[in-house]
Amino acid sequence: MGNPSFLFGVPPPNENGLLYAQAVFVVPVMNTHPFPPFLASEYPPAEPEKAFFHIIPAPFESSVSYGGGTRSGPEALLEASQQLEAWTSGHVSPGEAGFYTAPAVVCEGSAETVLARIEAAVARALDCGAVPVLLGGEHTVTLGALRALAAGDGAPFGIVQIDAHADLRPEYEGNPLSHASVMHRAVADLHLPLAQFGTRDYCREEAEVRRRYGVVWRDADDLADNGLQGPLLPLNFPKDIYITFDVDGFDCSLMPATGTPSPGGLFWHEARRLLANAVSGRRIVGLDVVELAPIPGLHAPNFTAAKLAHHLMGLALASRSRADGA
Ligand SMILES: [Mn+2]
């Protein structure tokens with residue numbers, strides 16, 4: 001890898017307000033290489049216009065509060081995805097609907113600059129009729145996807161968040177675009193309905209934000225003690241949902257490779273049952289897997305994150321098939 005190679009990126013909005021142009025610009029970067037397409041070992045990459053899924057790597061890392069490394073998350077997840085089987089649980093094959101892995105979002109510049117690029121990449125996915133699958137990067141990247149969906153012409157949608165943290169601080173260390181504030185931006189700025197599951201590390205101020213904005217939640221302790229107990233989402237929650245899965249929602253023994261690992265989290269089958277419950281009767285319009293911070297030499301968490309992304313795509317495919325009457 002001694003030769004220069006290139007990362008491709010979607011340009012930020014231009015002065016005419018266009019979200020993206022046809023051409024991409026090229027930023028030379030030393031000692032990097034294009035990320036492998038998602039599960040290319042089983043499915044050759046589809047054309048963007050024909051793919052059901054646009055997988056968008058967003059290796060953004062800026063507002064680290066504990067351990068770093070999320071900038072390496074998308075590449076590690078994509079590499080690990082080559083080891084996946086074609087089926088997810090329930091014998092669903094998302095790849096048959098077409099995977100297009102977009103060029104990695106260029107993550108140089110300010111958070112707002114990067115968010116504009118993410119928004120453009122997600123808008124492009126939506127224009128293609130695809131489900132955007134964003135791979136972080138720190139949790140801040142979710143805001144770019146939410147902005148694109150909110151600006152689109154789709155039906156109203158709500159957010160289903162799996163996370164150890166509420167991410168509801170108005171700002172964190174003076175930064176309103178911190179990963180610890182991303183859901184505050186969603187509820188306060190974008191006015192999106194929000195449901196949080198698996199939460200266990202948050203403060204009084206965030207609990208007050210929950211009440212102020214009518215956030216739905218089931219904390220990890222409650223889920224462990226009482227189980228799911230009926231539908232997780234209220235009847236009046238939007239039928240269209242965006243799923244944001246912060247991998248620290250998993251227990252830290254299953255997912256040590258994240259910036260703020262925490263005990264008392266979800267295990268695989270708990271997460272699977274929780275997601276099935278939340279998705280039931282609803283349609284997934286986009287999703288992300290964020291905050292993977294790979295540990296050199298430890299492959300299991302990367303594979304766990306890849307399998308999670310694949311599983312979520314299986315749920316999205318099934319949810320859209322139901323909604324479309326297929
Ligand atoms: Mn988070």
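Reply: Helices (H or I, at least four residues) and strands (E, at least two) are DSSP runs, numbered from the N terminus. This is a predicted model: local features need pLDDT of at least 70, side-chain atom pairs count only at pLDDT 80 or more, and totals for chains, interfaces and linings use all residues. Residues are numbered from 1 along each chain as its sequence is written.

Me: OK. What is the phi of His 191, which follows H4?
Reply: The phi of His 191 is positive, near 60 degrees.

Me: And which residues of H4 are buried?
Reply: In H4 (residues 182–189), they are Val 182, Met 183, His 184, Arg 185 and Ala 186. Buried means that 20 or more other C-beta atoms lie within 10 Å of the residue's own; 12 or fewer is exposed, in between is partly exposed, and C-beta atoms are placed from the backbone.

Me: What do the buried residues of H4 pack against?
Reply: They pack against H3, E6, strand E7 (194–199) and helix H5 (204–212). Contact here means C-beta atoms, placed from the backbone, within 7 Å.

Me: Switching to the sheet. What is the strand order?
Reply: The order is E4-E3-E5-E10-E9-E6-E7-E8, an open sheet of eight strands with parallel pairing. Strands E4 (99–101) and E8 (216–219) are the edges, each pairing on one side only. Two strands pair if DSSP finds at least two bridges between them.

Me: How many bridges join E6 to E9?
Reply: Six bridges join E6 (residues 157–162) to E9 (residues 240–246). Phe 157 has Asp 240 as its bridge partner in E9.

Me: Now H2 and H3. At what angle do they pack?
Reply: About 45 degrees, with the axes of H2 and H3 8 Å apart. Axes are lines fitted to C-alpha atoms, for helices over the stretch in contact, and angles run from 0 to 180 degrees between N-to-C directions.

Me: Why are H2 and H3 called oblique?
Reply: Angles under 35 degrees count as roughly parallel, over 145 as roughly antiparallel, 65 to 115 as roughly perpendicular and the rest as oblique, so H2 and H3 are oblique to each other.

Me: Last one, the largest nonpolar core. Which residues touch the most other members?
Reply: Phe 53 and Ile 56, out of 95 residues in that core. Helix H2 (residues 111–127) gives the most to this core, with eleven residues. A nonpolar core is a set of buried Ala, Val, Leu, Ile, Met, Phe, Trp, Tyr and Cys residues joined through C-beta atoms within 7 Å.

Technical notes:
Two residues are in contact if their C-beta atoms, placed from the backbone, lie within 7 Å.
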